[in-house]
Amino acid sequence: MTYILTQEGKNYLKHGLPEKRLVELLKDRNGIQMNDAASALGKEFSIALQWCKKYKCIDVVNGKLILTNHENIKDVEDLQAGMELLSKGKEPINILILLSRKLAEKAGESIIERAEKFVGKEITNLNLEIIKTGTWKKVKIKPYNVEAVGKRQIGKRHPYNKFLQETRQKLVEMGFQEMTGPTIELEFWNFDALFQPQNHPSRGWTQTYSLVRPKDGLLPDKALVERVKAAHENGWRTGSTGWGYKWDPAKATKLMPRAHGTAMSARMLANKPKIPGKYFAISRCYRPDVIDATHGVEFNQTEGIVLDESLTLRSLLGILKEFALEFAGAEKVKFLPDYYPFTEPSVQMSAKHPKLGWVELGGAGIFREELTQPLGVNVPVIAWGLGIDRLAMFKLGIGDIRYLFSQNLDWLRKQVVV
Amino acid sequence: MPKIDVSHKDLCGLIGRKLSTEQLADEVLYAKGELDEVNGDTLKIDIKDTNRPDLWSAEGVAREIRARSKKSGLQVYEVRKSSYVVNVDTKSASQPMTVSVVAKNIHIDDAFMSQIIQLQEKLSVTFGRNRKDISMGIYDIDKITFPLTYTSLHPEKIRLVPLDFKREINGNEILELHPKGKEFGHLLKGHEQYPIWVDANKNILSMPPIINSDSHGKVVKSTKNVFIECTGYDMKILNTAICILAAQMADRGANLYSVKVNYGKKSILTPDMSPKKFYTTVSYVNKVIGTGLTDKKFIELAEKSLYDAKIVGRKVEILYPAYRQDIMHERDIVEDIAISLGFNSLEPLNPKLITKGGLLRDQIYADRIAEVMTGCGFQEILSYTLTNTSNLFEKMNIAGKAIEIEKPQSSNWSVFRTSLLPGLMEFLAKNKHVEYPQSVFEIGDTIVEDQSVQTRSKDVPKMTAVISAAVVNYDQISSTLDALLRNIGIEYTLKKSSHPSFIEGRTAEILVGKTHTGFIGEIHPAVLNGWDLENPVVAFEIDLEEIFNLLRKR
């Protein structure tokens, strides 16, 4: 195999390698402005600068070029010597370096020669030789079947998760701060702190889960527990009669998978919330419902609280109405009496969805004083929950709640992102 | 949320006006009801309030609707004195207390009959927690002889023909053979003696809380006078129940008579239908609702809510019916006033509160991570946090412990996941027919035991990615991990390791600093076999708790 100098190599052999030229320039005019150096070296300046930086022989300070150590470019002398040898038809020891810098190439295989082979032919792929040498003017480029549709898979968010993310964003825009809490919860926070009596039917195992292990946790701050206990037994200082039974701390220490997001609201209230304050959570909740098209044992709940001295039942209706507009695009709403053991009054809202008609969109109420005061909150607290899963199902065009957790890759791939 | 069936015609009869289903749909709101279904004359009404058993019948619903149009005020139920006596002499620890009432001159038609049955069912099952707190019986007074005794006997000595049976059997046999015995027998298990009602002629009338006698404890359409009893443990609950049953009878035109119940030397007169008293102020009610009701308007609304109200100094004295057991606080009165006012007639008010919204930091980080992963071409998936030990451990060829729920509905969802990888393997297994390569990821919580916290457990967020294709290699997954961690600015190293789910020599642990933060590798063919997968799989799982901690410190 024999090698010859490339056009570039021949040029550098004659005028010197660009980095060498830059160093020589700086030996004379150290600290020269970059612009001036560029005009002195012409189109080879950027190559020169790149190699000088690599050799660490110059610094750029405030647009000026400073020569630091010109000894560092002594490799340049070897390249120069190599090019000279090659020009005399001898193969230098550093031929691989010359090849890699495209200063040398295989003899008889110049880019022009390689390009020549394609002249007059029909080609499928354009290549470097054809483009650079202008040979493309002398070839026929084969047409593609441009009407064939190409296909590829991309990475996307899960549509339900995306919907929940958008919901979070909307709530944030409405001034709500996101809150959190543990999946495995004390009955204390899931029930007792919410003023649900220990003998309430909804505490039986048919509607909430309990655990095989771990079974019991630890109750929070003793003073808080005492206030909650008193609220259940005799109403504490709230003006209530209480439920009038003996409250059992052992029952409150039982652990359970969170049955509703309201457990987090209770934790928030006991943790010095801001007043005025708005908080929300989207959380996985667990109830032993029969699994069917509209019930899963595991589901997401969207709910939250609003705290302020000024709040009334009318403001609760106002907040619900805002939700209806924001989440269902509904101007028309109607309110129905409802029941939760922890709110009074309690309201259910139906909203007139542009396509679905009247949809039950959510429930809300004003937390009872037997709940808020023992947790240390002395202003009205509105608690709300939104049935956004139903809207998600509609938005995603699905009739079965289990599909919100779709495991069908084909379906996921077919979902559009807007 | 008790659902009740009522006859449209019967309900209108009780209300005293003819109402269309549309009108009724609006008016049942007064009884906190929602008209769920109309099936000819039969209406299905969902009563929202689980704490208002007085509403769970046609009579209860009609009472509320009637009051709203007439401002009736407190409805007084007259209970006439009588010579009916019940002697309580039970040695059974099961339901030691009882209350009762006598109702005379009733006219039972089909609609009334079905309401009697339905109300008893709802009271004992829903309010009485499956007869644990309340059991009740209704008897034709003309077939029994007073005084009655509420006593107890060894089950084998109890002999009666239970309802719907043809032959006499003993107490044990009732639990074994009768459908109600099978359903509620557990309430008597372990008791030496079972409670029974006996009349003056020594006839056994019933064996609470299971069944009545077919000969002496049955009411038919021709029955004119009835004796009703409730047994249980808690007098407050029993009084509520008997008042509700008595009101049902009285609303149908019956005359009520009291019964003297003797507990040894102590005796009580039941039912106690005298109204109960509570105080509130008009200003409190206005403050909660956001209205400016005058005293006069307040009293009018109170009367529509079946209350008597009178201003006493600064306060309002409220007299309310004995069957209401839900009024604990002034708040409970507020709701009734608001319902009488009509929620839809209140003008909604948008509170202008200055608050700053925001997402949880971890939520933002998780979102960014998902962004990088989709940028790498991975499809996000979602799975349940509940799974089973077969998926979580056995199929992954590992041993482990997970938080387990009691009495799961299905063994498929019985433990909380400790890793996301099995969920992704299951996903791949479900999508074998879908075009490969398949690159999917999930971000989500795992739930693990942690004895150092009050809930003895904690949520640990994780992120897992898998690639499956006819040909996959380690570089594809390690470059994905690198792309992810580099783009969120986390430095890490990989250390050769071993893991039973992965091929030996093709797995590493992910270290952030010196902390173990996950694992990466090519899934072992034995695991692929377990999931019935035919293409190789490479995967990594990272613990986001550690990553989030680092990100929060920035």
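Predicted model: local features only at pLDDT ≥ 70, side-chain atom pairs only at ≥ 80, totals over all residues.
Local features were considered at pLDDT of at least 70 and side-chain atom pairs only at pLDDT 80 or more, whereas totals for chains, interfaces and linings use all residues. Residues are numbered from 1 along each chain as its sequence is written, with chains lettered from A and ligands numbered from 1 in the order in which they are written.

For chain B, the domain assignment, which is of automatic or database origin, gives domain 1 (3-70), domain 2 (79-270), domain 3 (276-345) and domain 4 (361-552). Taken over C-alpha atoms, the centres of domain 1 of chain B and domain 4 of chain B are separated by 54 Å.

Between the chains, 77 residues of chain B are in contact with 83 residues of chain A, a contact being counted if the C-beta atoms of two residues, placed from the backbone, lie within 7 Å. Among the elements of chain B that give two or more residues to this side are helix 8 (282-289), helix 11 (361-375), strand 25 (438-449) and strand 26 (457-468), but the most, seven residues, come from helix 10 of chain B; helices (H or I, at least four residues) and strands (E, at least two) are DSSP runs, numbered from the N terminus. By class, the side of chain B that touches chain A has 30 nonpolar, 24 polar and 23 charged residues, where Ala, Val, Leu, Ile, Met, Phe, Trp, Tyr, Cys and Pro count as nonpolar, Asp, Glu, Lys and Arg as charged, and the others, Gly among them, as polar. Strand pairing also links the chains, as strand 9 (residues 211-213) of chain A and strand 23 of chain B run antiparallel and are joined by two bridges, with B:Ile405 as the bridge partner of A:Leu211; pairing requires that DSSP finds at least two bridges between two strands.

Within chain B, an open sheet of three strands has the order 1-3-2, with antiparallel pairing. Strand 1 (3-7) and strand 2 (33-39) of chain B stand at the edges with a single partner strand each, so one side of each is left without a neighbour in the sheet. Five bridges join strand 1 to strand 3 (residues 42-47) of chain B, and B:Val6 has B:Leu43 as its bridge partner.
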